Amino acid sequence: MGDITEPRIPDTGIAPADILEHMRDMRANDADWHSGQTWSLVYHAGDEHAAFLKEAHGTFFSENALNPIAFPSLRRFETEVVRMTATMLNGDNNVAGTMTSGGSESILMAVKTYRDQARQLHPEIRRPEMVLPVTAHAAFLKAGHYFGVEPVLVRLADDLRVDVSAMRAEVGPNTILLVGSAPNYPHGIIDPIEEIGAIAHRNDLGFHVDACLGGFLLPWVEQLGHPIPPFDFRVPGVTSMSADVHKYGFAAKGASTILYRDVSLRRYQFHVSTGWPGGIYASPSMAGTRPGGTIAAAWAALKRIGRDGYLEMAQGIMETTARLLDGINRIPGLRILGKPPASVFAFASDEVDIYAVGDALDGRGWHMDRQIKPASLHLMITPVHAGLEDRFLDDLAAAVEEVRANPETSQGGQAALYGMMTTLPDQGLVDEIVLQMLDNLYEL
Ligand SMILES: Cc1ncc(COP(=O)(O)O)c(C=O)c1O
């Protein structure tokens, strides 16, 4: 059996059954998302749906959307996913886009698009800037770094939406793009999209709404009658949006959409190399080879779930969220950050070390996500969490009391690590520590 555990290509191939068994065994220490004890990373709409997605994915396992002429089926799936998403987000027939491998790639593409547009229309801008809330997803910082667009971060107002007047004040001659989230990842709050749209409109700027998280949830939550402020193409200043099918669209991982208000803007996303000896190379996004399975499964998910299915899931998600929010509000010492309108939220404490609470919950089998500024724990609700509310709330209340009774627990576990990282004055040093952690993680 040594061959299967050693990090080398075996001299002789191993039997499929042995390999698969070994792979299943290797999952022993993985996060237990299926039982609902994980609050991020996986969006699961039931085993039957997953089996269907795998079949749809497997049907196009080998196909490559790098060349849509060779695979007209994939071209059709992709354009239909884009059209269905645009319509869901109240875009008209002029809205154009592409699929990408995920939210980060959609955001990368948006930033590259506005940079290239600015290069053409405003060559006088040498150091392009994007103005964005501090809560905008880190993928924007990554994109800024990759594409040479300086991020100008804007503080939040008391309600944890971006402070619009501060945003307005940051708009200057180098600004090429404004960003808002619907909702943002850290607090699940929707930025004031209409007001940002007005600034964008007045200054003739690009405005990207990151609906990676909410794109496939907020439309249904709104249709259920919950108060959701306009966040999509209905808002005149919005020029592009990202929405992930692999999150609340419940598709297979590797599927997002990037949408532009019109086709002329999308043009800046594309790359062509016509002088290459390998032939005329045309590529819509970051990737070269684009797996057919993820595109096919995204299309299949939308068709399978349908409006009724999404509404039903949104209803369940909102009910679970309401029970959790209510329960957390009742636990002395805890407070929800802001007023999250949908299924994503964070909670903090002014009385106990919330990271130590996280550790105590980890000890009870929950997989908790930590945040900073302020120190908080983060939850994203999906259908797997239905029915677990009481268990989680009981464990949470017990964890808070445990930490209150033993405050020294914050000197161990992740609490100590997070506590140390968030209090170090030197950001460069923190970066270095995390880089070292990454290096270590990818060692065998
Ligand atoms: C608001 C928001 N934008 C972008 C992303 C990035 O998406 P991905 O992890 O698919 O790259 C996320 C991920 O959670 C998100 O919540």
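## Close-up views of helix packing and local backbone geometry

**View 1. Asn90 in the loop between α4 (72-88) and β1 (96-100).** With a relative accessibility of 37%, Asn90 counts as partly exposed (buried means under 20% relative accessible area, exposed over 50%, and partly exposed in between, with a 1.4 Å probe and protein chains only). Phi of Asn90 is near 60 degrees, a positive value in a residue other than glycine. The structure is a predicted model, in which local features need pLDDT of at least 70 and side-chain atom pairs count only at pLDDT 80 or more, while totals for chains, interfaces and linings use all residues. Residues are numbered from 1 along each chain as its sequence is written, and side-chain values use heavy atoms, with hydrogens and water left out. Helices (H or I, at least four residues) and strands (E, at least two) are DSSP runs, numbered from the N terminus.

**View 2. Asp204 in the loop between α8 and β5.** Asp204 has a positive phi, near 55 degrees, in a residue other than glycine. With a relative accessible area of 69%, Asp204 is exposed. Most residues other than glycine have a negative phi, and most peptide bonds are trans.

**View 3. Packing of helix α3 (residues 47-59) against helix α11 (residues 292-330).** The two helices pack at an angle of about 135 degrees, with their axes 8 Å apart; axes are lines fitted to C-alpha atoms, for helices over the stretch in contact, and angles run from 0 to 180 degrees between N-to-C directions. α3 and α11 are therefore oblique to each other (angles under 35 degrees count as roughly parallel, over 145 as roughly antiparallel, 65 to 115 as roughly perpendicular and the rest as oblique). By class, the contact of α3 with α11 has eight nonpolar, four polar and one charged residues (Ala, Val, Leu, Ile, Met, Phe, Trp, Tyr, Cys and Pro count as nonpolar, Asp, Glu, Lys and Arg as charged, and the others, Gly among them, as polar).

**View 4. Packing of α4 against α11.** The axes of α4 and α11 come within 9 Å and cross at roughly 45 degrees, and the two helices are therefore oblique to each other. α4 passes α11 in a left-handed crossing. Residues of α4, among them Leu74, Phe77, Glu78 and Met84, meet residues of α11 that include Ile295, Trp299, Leu302 and Lys303. The residues of the contact of α4 with α11 divide into nine nonpolar, one polar and three charged.

**View 5. The buried face of helix α6 (residues 138-147).** Ala139, Phe140, Ala143, Gly144 and Phe147 are buried in α6. Seen down the axis of α6, these buried residues fall within an arc of 145 degrees, so they line one face of the helix; the arc is that of the directions from the helix axis to the C-beta atoms. Their cover includes α5 (103-121), β2 (129-133), β4 (175-181) and β5 (206-210). Gly148, which follows α6, has a positive phi, near 70 degrees.

**View 6. Cis peptide bonds at Pro183 and Pro374.** The peptide bond from Ala182 to Pro183 is cis, with omega near -10 degrees, and Pro183 lies in the loop between β4 and α8 (193-203). Lys373 and Pro374 are joined by a cis peptide bond with omega about 0 degrees, and Pro374 lies in the loop between β12 (369-371) and β13 (376-380).

Note on methods:
Contact = heavy atoms within 4.5 Å. Left-handed = near helix turned anticlockwise from the far one by under 90°.
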